[in-house]
Amino acid sequence: RMITVQPLSATVGIAEAEITRWVELTWLRPDGSPGGWIFQEVDVARVRLIAELRELRMDEEAMPVVLSLLDQLHAERRRMRLLQQAVNEAAPDAVRARLRALLEAGPA
């Protein structure tokens, strides 16, 4: 589902000007151009996250660092899911069993 800034603002209860500012700060990266931005579901979730971090008094200078770290974490989780899928589809039973044992044992 894709929405523009006005419905996004109404959905999350954040002023359009604030959302525009977050786009200008590159905390949000909608498709399109100013006046015609299109926000995806992931953008709606990110707006809610930014709002929560602001409620926790997250410093504006720290926000890009925190958002970048969260982006990296999500990217790594996606990569791990893809790796898991590839192993499940292609690895022999013995390899999958060994990997499960290693993961259950945790860090060395």
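1. Asp93 and Arg96 both lie in helix α5 (residues 93–105), three residues apart, so about one helical turn separates them. The two form a salt bridge, with the closest N and O atoms 2.4 Å apart. Asp93 counts as exposed, because its relative accessibility is 58%. The model is a predicted one.

2. In total, the structure holds six salt bridges. Another of these joins the side chains of Arg46 and Asp71, at 2.6 Å from N to O. Arg46 belongs to helix α3 and Asp71 to helix α4 (residues 63–90), so this pair ties together parts that are 25 residues apart in sequence. Arg46 is buried, at 15% relative accessible area, whereas Asp71 is partly exposed, at 27%.

3. Arg54 and Glu18 also meet through their side chains in a salt bridge, at 3.8 Å from N to O. This pair links distant parts of the chain, 36 residues apart: Arg54 sits in helix α3 (residues 41–55) and Glu18 in helix α2 (residues 16–24). Arg54 is partly exposed, at 30% relative accessibility, and Glu18 is partly exposed, with a relative accessible area of 26%. A network of salt bridges links Glu18, Arg21, Arg54 and Glu60.

4. Turning to the aromatic side chains, the structure holds two aromatic pairs. Trp22 and Trp27 form a tilted pair, 6.3 Å centre to centre with 35 degrees between the planes. Trp22 and Trp27 are both buried.

5. Trp37 and Phe39 form an edge-to-face aromatic pair, with 6.5 Å between centres and 70 degrees between the planes. Trp37 is buried, and Phe39 is buried as well.

Methods
Residues are numbered from 1 along each chain as its sequence is written. This is a predicted model: local features need pLDDT of at least 70, side-chain atom pairs count only at pLDDT 80 or more; totals for chains, interfaces and linings use all residues. Side-chain values use heavy atoms; hydrogens and water are left out. Rings of Phe, Tyr and Trp (its six-membered ring) pair if their centres lie within 6.5 Å; planes under 30 degrees apart count as stacked, over 60 as edge-to-face and the rest as tilted. Buried means under 20% relative accessible area, exposed over 50%, partly exposed in between (1.4 Å probe, protein chains only). A salt bridge is a side-chain nitrogen of Lys or Arg within 4 Å of a carboxyl oxygen of Asp or Glu. Helices (H or I, at least four residues) and strands (E, at least two) are DSSP runs, numbered from the N terminus.
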